[in-house]
Amino acid sequence: MLKNRILKRVAAVVCSAALLLPVGGYGRSVTSRAVSASAAVSEEIGLVGNLFCVADSSAADHAALQWATTLPAESYTLYRSTDSESGFVPVYEGSGTSYEDDDMQTGTTYYYQLKVTSKGKESFSSVKQLTPCALPSGLSTYDNQKGSSLVYETSGYKVGDTYYSYSLKKHNGKNDIYLAETISTDGKRFGSERNVADSSQNSALESCKIESVHIDYIPAKNKVVVWAHWEKPDGYADGKALVITGTPGGQFTVHHVYNPLGIQVRDMAIFFDDDGTGYLIAAANKEGQGANATMYIFRMNNDYSDVTEVVTTLFEDQYREFPNLIKKDGYYFLFTSQAAGWYPSSGAYSVTTDLYGKWSGLRSIGNTSTFSSQSGWIVNMQDKNYLMHAYRWLRASSTSGTTLCPLYFDNGFAFYDYCPYFKYNTSTGDLFPVQQGELLSQDRPASSSLAAKGSSSPAKAFDGSYQTSFTAIGDYKKWPFYLQVDLERVCELSNIQISWYICKGSEGYYTYTVEGSLDGQKWTKLLDHTDKSREEVSKTYGFNSDMLSGKARYVRLNVQNATLQNNPNNNWYTPTVYEVKVYGTPVEAAEKPQPYESIDFENGTGMLQLSSGATVKQDSERGKVLYLDGSDEAYGAFPAGMLDGVRDYTVSMDVKSESTGNFFTFAAGRNDEKYVFFRVAEDLFRFAATTDSWRDETELVLDLDGSEWHNYTLVVSGANTKLYLDGKEVLHTTETHGQLADMGSGTTCYIGKSYYSDDTCFKGSIDNLKIYKCALTAEEIGGKSEVIGDVNADGTLSVADLVLMQKWLLGVPDAKLADWQAGDLCTDSRIDTFDLAVMRKEILK
């Protein structure tokens with residue numbers, strides 16, 4: 001055995017051939033040799049990567065990758081290398097749209113390329129590179145959880161030796177509006193306020209309200225430009241624009257309070273192109289439409305005091321607002337939010353290379369509630385990094401009023417995601433998101449108490465995509481419910497981020513708890529988010545980010561209810577969760593679950609009480625086995641209540657059948673109305689579960705030769721049911737709506753007996769019967785090599801294993817590992833050259 005698995009990882013060693021192999025990930029990669037970077041780059045794929053920090057680390061040594069495509073993608077494969085042209089190995093395969101790389105060393109440059117499989121064809125992104133580094137000095141921290149302000153070395157517009165700052169203000173006790181100018185010699189301390197434009201120039205400023213204010217300075221024309229949405233103090237019926245321009249330190253003019261070209265405008269933005277042309281972008285409406293029904297882009301005149309034409313209209317009848325237009329790498333990106341009053345809404349963007357030309361359709365970005373915010377304006381950090389500055393109008397007073405998300409661009413695609421904190425410097429443009437740990441939950445085994453179709457199964461809430469979701473089958477929806485993830489190792493938890501379903505006009509907030517467990521049986525409450533009297537509960541819509549503390553392998557999100565703002569006593573939502581992210585630090589391997597009952601029939605029958613038609617006899621192949629003769633008394637019974645309240649369990653047994661017709665090989669439940677069972681016949685396997693008799697069974701059927709010995713392992717985790725035949729998964733459903741936990745107390749459990757009086761008893765032999773009160777994973781069922789390092793599975797660790805592993809890491813054709821898990825000598829759920837170094841040491845001992 002290895003006495004010490006911890007090595008100090010120093011020397012640079014053929015990292016270009018390293019392959020990440022996280023254990024048990026549905027969307028994770030498996031064995032594959034290295035390939036060269038593809039030169040066939042598609043314009044329809046965008047891939048971005050950014051470095052981030054974990055908690056209080058002094059280094060940005062983790063990477064977040066995000067991607068998007070306009071192709072009808074069937075799957076994605078993300079490759080990584082430390083060489084820009086060769087040695088690319090897959091680190092992710094699946095249907096998600098993001099990946100976190102937690103296996104990086106500072107000072108090493110990593111290269112990434114995405115492959116998109118679409119209609120049988122393969123397309124590739126361009127190659128991106130990231131170099132983990134120590135954090136530079138002089139960084140500030142922004143808090144998205146509690147709120148803070150961006151720190152700037154200077155503010156305002158510098159003209160000559162003077163800084164000028166402008167704001168639209170009201171006089172105390174009045175509804176008037178005036179433009180205030182203040183000045184500074186250092187860009188930090190401003191004073192000498194001057195009223196440069198007010199109602200003396202236009203009486204419409206005597207009594208009004210102003211929103212969506214945009215103030216910019218155009219150095220080439222030494223001109224300050226102000227556009228804002230103007231309304232009377234009450235209501236939003238006018239939809240007018242206030243326009244002011246002037247010279248810093250000089251004269252200002254109120255040009256208009258009007259409807260540009262006779263068109264009502266409300267939320268607006270101004271944009272100045274590289275050639276100095278100005279544009280007004282506004283949520284407006286055509287005749288007969290409601291407010292904000294259509295987005296307009298107007299061209300301004302040369303002094304920016306008016307508009308001259310409509311360039312284009314976009315998103316007709318889609319009710320988008322809060323526009324913001326920027327230009328990046330030759331693309332124009334127009335960001336907007338869904339009109340939803342003061343509630344959070346979904347953000348989206350459209351893109352073009354020609355303002356007068358064709359625009360893309362709306363593309364989703366972030367999650368469905370902009371992380372409980374409204375998509376807002378873009379912060380440009382020295383053209384090096386960008387932030388989406390989103391607003392939280394409805395929130396608890398103890399939480400942040402803004403959500404700032406690092407914003408990235410590639411190939412006409414835009415991306416942003418949530419981070420609780422980030423470190424930054426507005427002067428240098430440096431930006432490093434901060435997460436509270438590694439992302440532990442993506443593509444780990446997931447389940448729910450509610451039945452769901454495969455396309456919206458619990459796995460979709462942990463797949464790394466905000467656009468897919470877990471959604472319960474409508475006929476079986478009920479509240480409360482839970483979502484559960486098996487992290488497959490013991491982890492110290494730090495943060496959970498939940499992206500909920502919300503409906504425009506019927507927005508709802510959720511009450512829930514979070515529990516953790518080491519064994520799937522004993523649970524500890526880690527978070528209670530159920531007190532509706534707390535603003536953090538009742539004023540948070542669409543997205544929650546909560547800090548956690550505690551160790552767990554299993555994490556369960558118990559959702560009590562959704563309270564709808566327009567109908568708090570009628571929750572009509574179908575249980576839906578878009579994404580759950582659990583962050584923390586892996587601390588140790590999980591202990592292998594122990595069976596609640598294990599009977600090999602060599603030394604009795606344990607808790608299983610046999611009837612007269614059941615005997616233990618000698619089998620020529622297996623030794624002592626349980627034999628059931630098919631008579632009316634041919635069964636065994638476990639103690640009543642043994643499986644009461646259990647939602648996760650595993651039943652494993654070796655079976656050789658002599659039966660046909662209707663019978664149960666394994667059964668648990670109450671009667672012929674409420675039960676789960678499976679039968680092993682001579683020619684098929686059948687599983688069924690119901691709380692409404694045969695009329696409404698969940699069913700799994702497999703044709704096979706049941707007359708030969710096979711191992712059958714049934715794994716039930718909530719509504720998730722799998723059958724493993726001789727250690728390999730052969731059947732799977734996420735639609736199990738008849739569950740033992742819903743059958744009350746006093747349930748019974750039989751081997752060989754049916755709940756239907758007309759059925760016969762099972763006839764055949766059973767051996768190695770095991771029942772677990774938890775759901776085993778594929779690895780726990782299939783098992784690992786008992787010989788560490790035995791990658792060729794010959795039963796010993798030798799130089800042959802070393803040679804095979806080295807060839808495989810180098811991408812030698814036909815070099816295949818018979819048992820890759822045996823090669824994970826560093827027990828970090830990855831195979832790389834460090835495992836090779838440990839193997840070499842073991843052989844030389």
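Trainee: Which residue's backbone oxygen lies 2.9 Å from a polar atom of the Gln442 side chain?

Mentor: This is a predicted model, in which local features need pLDDT of at least 70, side-chain atom pairs count only at pLDDT 80 or more, and totals for chains, interfaces and linings use all residues. Residues are numbered from 1 along each chain as its sequence is written, and side-chain values use heavy atoms, with hydrogens and water left out. Gln442 is found in the loop between β34 (438–439) and β35 (446–448), strands being DSSP runs (E, at least two residues) numbered from the N terminus. The backbone oxygen at 2.9 Å from its side chain belongs to Ser98.

Trainee: Is Gln442 buried or exposed?

Mentor: Buried means under 20% relative accessible area, exposed over 50%, and partly exposed in between (1.4 Å probe, protein chains only). Gln442 has a relative accessible area of 5%, so Gln442 is buried.

Trainee: With which side chain does the side chain of His710 make a polar contact?

Mentor: His710 is placed in strand β52 (residues 710–717). A polar contact is a pair of N or O atoms within 3.5 Å; within protein, one must be able to donate a hydrogen and the other to accept it, and residues adjacent in sequence count only if both atoms are side-chain atoms. At 2.9 Å, the partner of the His710 side chain is that of Asp726.

Trainee: How far apart in space are Phe271 and Tyr319, C-alpha to C-alpha?

Mentor: Phe271 lies in strand β20 (residues 265–272). In sequence, Phe271 and Tyr319 are 48 residues apart. Their C-alpha to C-alpha separation in space is 21 Å.

Methods: Helix = DSSP H or I, 4+ residues; strand = E, 2+ residues; numbered from the N terminus.
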